[in-house]
Amino acid sequence: MIEFSTILCCLNLNEHPEELVPYVRDLIRNKNTKLIITHVLPDHSRMSRTVSDEEYANKLYQDGAKRVKEEVLAFAAHHFADLSPTVEIMEGDYKKTLLTVVDRYCADILVIGSMSSRGPLGFLFNREADSIISRTRIPVLVIPNDLNLE
């Protein structure tokens with residue numbers, strides 16, 4: 001098995017991030033492996049366009065961003081505290097931002113979750129994962145949120 005020196009795990013709290021945990025842990029073969037946990041918040045300007053009161057939109061966004069940051073930090077502490085992960089929470093276009101983080105940390109592999117691909121519209125929900133896979137220079141491990149190995 002290949003030993004990875006830097007693993008980047010991108011969380012989406014709306015999916016089932018706990019399903020990523022065993023895969024990330026299985027990839028870590030060395031105590032010197034760096035684990036980067038990231039979450040990409042949507043671009044703030046997207047919310048501003050949907051809410052007419054800009055001050056209200058800013059407050060909504062800041063409150064939501066604060067809550068998400070707390071949840072990501074809590075998730076990292078709960079599942080990976082023994083690995084001393086670096087946690088990066090950024091705002092922007094999901095694909096561009098994630099690919100920037102891959103390059104910044106010289107990640108060897110990217111682990112991401114994927115929305116359910118079941119049902120007639122399932123293919124629409126995995127465009128982000130497909131787009132990242134086609135644009136990155138490293139292997140991408142995509143874990144479906146409805147994965148059931150039993």
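This report describes the sheet, helices, nonpolar cores and cysteines of a predicted model.

Five strands make up an open sheet with parallel pairing, and their order is 3-2-1-4-5. Strand 3 (86–91) and strand 5 (140–144) are the edge strands, each pairing on one side only. Direction ignored, neighbouring strands of the sheet are turned by 20 degrees against each other on average.

Strand 1 and strand 2 run parallel and are joined by five bridges. Opposite Ile-7 stands Leu-35 of strand 2.

## Helices against the sheet

Helix 3 lies across strand 2 and strand 3, and its direction is at about 160 degrees to strand 2. Helix 4 lies across strand 1, strand 2, strand 3 and strand 4, running at about 145 degrees to strand 3.

Helix 4 covers residues 94–105, 12 residues in total. At 1.5 Å a residue the helix should span 16 Å, and this agrees with the 17 Å between its end C-alpha atoms. Its buried residues include Thr-97, Leu-98 and Val-101. Just after helix 4, Cys-106 has a positive phi of about 50 degrees.

## Nonpolar cores

The largest nonpolar core has 22 residues; Ile-7, Leu-11, Val-24, Leu-35, Ile-37, Phe-80 and Val-111 touch the most other members. At least two residues of this core come from each of strand 1 (6–10), helix 1 (21–27), strand 2 (34–41), helix 3 (54–80) and strand 4 (109–114). Helix 3 supplies the largest share, seven residues. A second, separate core of 14 residues includes Met-90, Val-102, Ala-107 and Ile-112.

Apart from neighbours within four places in sequence, the contacts of Val-111 include Ile-7, Cys-9, Val-24, Leu-141 and Ile-143.

No disulfides are found in a search of the whole structure. For Cys-9, the closest cysteine sulfur is that of Cys-10, at 7.4 Å, which is too far for a bond; the cut-off for a disulfide is 2.5 Å between sulfur atoms. Cys-9 is buried, with a relative accessible area of 1%, and Cys-10 is also buried, with a value of 2%.

Cys-10 is located in strand 1. Leaving aside neighbours within four places in sequence, Cys-10 is in contact with Leu-20, Thr-38, Tyr-94, Leu-98, Leu-110, Val-111, Ile-112 and Gly-113. Cys-10 and Val-87 are 77 residues apart in sequence, and their C-alpha atoms are 9.9 Å apart in space.

Methods: Residues numbered from 1 in each chain as written. Predicted model: local features only at pLDDT ≥ 70, side-chain atom pairs only at ≥ 80, totals over all residues. Heavy atoms only, no water. Buried < 20%, exposed > 50% of the residue type's maximum accessible area, 1.4 Å probe, protein only. Core = buried A, V, L, I, M, F, W, Y, C linked by side-chain atoms within 4.5 Å. Helix = DSSP H or I, 4+ residues; strand = E, 2+ residues; numbered from the N terminus. Contact = heavy atoms within 4.5 Å. Expected span 1.5 Å × (residues − 1). Pairing = 2+ DSSP bridges. Axes fitted to C-alpha atoms, helices over the stretch in contact; angles between N-to-C directions.
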